[in-house]
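Please read the points below alongside the model. They cover the metal site, the core and one further residue.

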Amino acid sequence: MTVMKVASPLNPICVTLALVTTASDCFSGDRPEPTWLIDQQRCMFCHKLDVPHRAPSFQQIANRYRDTAGAEDMLEQKLRKGGEAHWGKNAMPSAIERGGGALSRDDARTLVEWVLSQ
Ligand code: HEC
């Protein structure tokens, strides 16, 4: 197999995705969707991108926090450890409670950046 030269930095997630799908976005310079993390952490069980479901939509969340200083740190903590409710009565469960396993700071940050880009 010939090795294609692709744009750097070479993201291993993109390489994996490109092998199994047609993830052409990975090579266009756009940030890739962290799909495997979203699946592993079951985000879409409660959230949808554009309409409220069991939780506020990711677009609502992005609109609320996109320009708020410090929001990324707060949300990173929330994705990992849970925290008080900001939208209604039900707080967001911690990573362990959601059943997707422990979430590292880096992975939490990746998810927060993805949510805020919606
Ligand atoms: C079991 C249901 C459930 C799952 C699974 C879930 N969420 Fe949530 N999420 C909620 C609820 C409920 C809220 C609203 C909590 C509140 O009022 O602050 C919320 C709020 C949020 C917020 C805004 C928090 C705030 O302080 O305003 C973000 C960001 C978020 N979720 C991202 C995610 C991501 C990313 C995932 C996957 C890692 C995920 N959620 C998985 C139920 C869930």
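1. Donors here are N, O and S atoms within 2.8 Å of the metal. This is a predicted model, and in it the iron atom of the ligand has two protein donors, His47 through NE2 and Met92 through SD, lying 2.0 to 2.1 Å from the iron.

2. The arrangement around the iron atom of the ligand is octahedral because the six donor atoms subtend angles of 81 to 180 degrees. The protein pair links distant parts of the chain, with His47 and Met92 45 residues apart. His47 sits in the loop between helix 3 (43–46) and helix 4 (58–65), and Met92 in the loop between helix 5 (71–81) and helix 6 (95–98).

3. His47 has a relative accessible area of 8%, so it is buried. Met92 is partly exposed, at 25% relative accessibility.

4. The largest nonpolar core contains 17 residues, and Phe58, Tyr65, Leu79, Leu103 and Leu111 have the most contacts inside it. At least two residues of this core come from each of helix 2 (35–40), helix 4, helix 5 and helix 7 (105–116). Helix 7 gives the most, six residues.

5. Where does Gln41 lie? Gln41 is in the loop between helix 2 and helix 3, and at 0% relative accessibility it is buried. Its side chain makes a polar contact of 3.0 Å with the side chain of Arg98. Gln41 also touches, among others, Ala95, Gly100, Leu103 and Leu111.

Definitions and conventions. Residues are numbered from 1 along each chain as its sequence is written. This is a predicted model: local features need pLDDT of at least 70, side-chain atom pairs count only at pLDDT 80 or more; totals for chains, interfaces and linings use all residues. Side-chain values use heavy atoms; hydrogens and water are left out. Donors are N, O and S atoms within 2.8 Å of the metal (3.2 Å for Na, K and Ca); water is not among the atoms, so sites may look incomplete. Four donors count as tetrahedral if all angles lie between 85 and 135 degrees; four count as square planar and six as octahedral if opposite donors are over 155 degrees apart and all others between 65 and 115; anything else is irregular. Helices (H or I, at least four residues) and strands (E, at least two) are DSSP runs, numbered from the N terminus. Buried means under 20% relative accessible area, exposed over 50%, partly exposed in between (1.4 Å probe, protein chains only). A nonpolar core is a set of buried Ala, Val, Leu, Ile, Met, Phe, Trp, Tyr and Cys residues joined through side-chain atoms within 4.5 Å. A polar contact is a pair of N or O atoms within 3.5 Å; within protein, one must be able to donate a hydrogen and the other to accept it, and residues adjacent in sequence count only if both atoms are side-chain atoms. Contact means heavy atoms within 4.5 Å. Lists of a residue's contacts leave out its neighbours within four places in sequence.
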